[in-house]
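Me: I have a model here and would like to go through the labels attached to its parts. For each label, tell me what it rests on.

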Amino acid sequence: MNTNFQDLFSVRGKVALVTGGSRGIGEMIAAGFLAQGAKVYISSRKAEVCEATAKRLSEGTGGTCIALPADLSTVEGCTHLAAELAKREARLDILVNNAGAAWGAPIETFPEVGWDKVMDTNVKGVFFLTQQCLPLLRAAAKDGAPARVINIGSIDGIKSATFDSFSYGASKAAVHHLTRFLAKRLTPERILVNAIAPGPYPTWMLSTGVGHGGATDGVDWSAVTQSNPSGRVGAPEDIAGLAIFLSSRAGEYVVGQTIASDGGIVASL
């Protein structure tokens with residue numbers, strides 16, 4: 001048996017695009033890639049915030065992080081982002097579709113705008129950005145190692161959510177199934193597609209949902225950890241480590257899967 005375990009988890013020298021990378025889970029994944037030697041582009045709607053995060057991550061990791069702001073709730077925004085990336089790179093090794101939106105309201109008053117905003121960003125944006133990045137992903141796949149697409153879903157797409165976030169849970173279930181569709185279509189082209197379904201992480205989105213107003217530092221998360229078998233929220237190393245695994249040689253035979261990163265919440269249902 002011929003084996004090569006050298007650089008099994010390496011992403012060094014790879015080019016990655018992380019959407020929704022200015023904060024939260026996207027920032028955690030981007031930081032992990034940078035620390036492991038990848039060149040990372042991050043995207044978010046707010047240009048100033050995106051630029052500030054890219055600067056902070058570059059300085060903090062010693063890597064190269066570049067901001068490419070875009071609104072990924074529209075096809076035009078997806079096309080724009082892919083075109084801007086193509087001006088700078090000849091290939092894209094890793095695409096992380098993390099940009100997302102949420103909306104909470106009682107079922108009796110849940111508005112159409114809350115449905116459309118979430119579905120447009122969380123589902124339409126994932127599909128059309130992947131579509132628009134195909135030339136760059138195909139260029140990367142020709143170099144030997146497969147290109148990777150990682151879609152960020154949620155355990156709310158696997159189980160019923162605690163909050164009245166009807167469109168969010170439905171959108172994330174759609175992302176999980178879209179992942180399987182894309183994997184079947186793109187794997188023969190050496191573009192591997194998987195999804196991660198995060199549970200509770202210390203993000204602005206979770207903080208606002210549990211009444212902490214978006215704060216993530218010095219927050220008591222006990223309201224969301226008491227039912228978690230691990231007794232805690234996720235850490236940056238948890239989500240970044242899984243993304244790195246899926247993007248490296250170690251994860252090359254994992255295709256079309258949705259992997260929960262939740263401390264055991266789904267397993268305990």
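Reply: A salt bridge here is a side-chain nitrogen of Lys or Arg within 4 Å of a carboxyl oxygen of Asp or Glu. In this predicted model, Arg148, Arg190, Arg249 and Glu252 are linked by such bridges into a network. The structure holds 14 salt bridges.

Me: What makes the contact between lysine 87 and glutamate 84 a salt bridge?

Reply: Their side chains meet at 2.8 Å, N to O. The cut-off is 4 Å, so the pair qualifies. Both residues lie in helix α3 (residues 75-88), three residues apart, about one turn of the helix.

Me: Why is lysine 87 called exposed?

Reply: Lysine 87 has a relative accessibility of 63%. Exposed means over 50%, so the label applies.

Me: And why is glutamate 84 called buried?

Reply: Glutamate 84 stands at 17% relative accessibility. Buried means under 20%, so glutamate 84 counts as buried.

Me: How do you know that aspartate 120 and lysine 124 form a salt bridge?

Reply: The distance between their side chains is 3.7 Å, N to O. That value is within 4 Å, so the pair is counted. Aspartate 120 and lysine 124 both belong to helix α4 (residues 112-141) and sit four residues apart, about one turn of the helix.

Me: Why are aspartate 120 and lysine 124 called partly exposed?

Reply: Aspartate 120 has a relative accessible area of 27%, and lysine 124 is at 29%.

Me: What makes arginine 232 and aspartate 238 a salt bridge?

Reply: The side chains of arginine 232 and aspartate 238 meet at 2.9 Å, N to O, and the limit is 4 Å. Arginine 232, at 41% relative accessibility, counts as partly exposed. Aspartate 238 is partly exposed too, with a relative accessible area of 27%.

Me: Why is threonine 19 called buried?

Reply: Threonine 19 has 1% relative accessibility. The label needs a value under 20%, so threonine 19 is buried. Threonine 19 is found in strand β1. Beyond its neighbours within four places in sequence, its contacts include Ser43, Leu72, Val96 and Leu129.

Me: What makes the approach of threonine 19 to asparagine 98 a polar contact?

Reply: A polar atom of the threonine 19 side chain lies 2.8 Å from the backbone nitrogen of asparagine 98. A polar contact is a pair of N or O atoms within 3.5 Å, one able to donate a hydrogen and the other to accept it.

Me: Why are β3 and β7 called edge strands?

Reply: The open sheet has seven strands in the order β3-β2-β1-β4-β5-β6-β7, with parallel pairing. β3 (65-67) and β7 (258-261) each pair on one side only. Averaged over the sheet, neighbouring strands are turned by 20° against each other, direction ignored.

Me: How do you know that β2 and β3 pair?

Reply: Strand β2 (residues 39-43) and β3 share three bridges in the parallel sense. Pairing requires at least two bridges, so they pair. Isoleucine 42 stands opposite alanine 67 in β3.

Me: Why is serine 227 called exposed?

Reply: Its relative accessible area is 54%. The label needs a value over 50%, so serine 227 is exposed. Serine 227 lies in the loop between α7 (222-225) and α8 (236-247).

Conventions: Residues numbered from 1 in each chain as written. Predicted model: local features only at pLDDT ≥ 70, side-chain atom pairs only at ≥ 80, totals over all residues. Heavy atoms only, no water. Buried < 20%, exposed > 50% of the residue type's maximum accessible area, 1.4 Å probe, protein only. Axes fitted to C-alpha atoms, helices over the stretch in contact; angles between N-to-C directions. Contact = heavy atoms within 4.5 Å.
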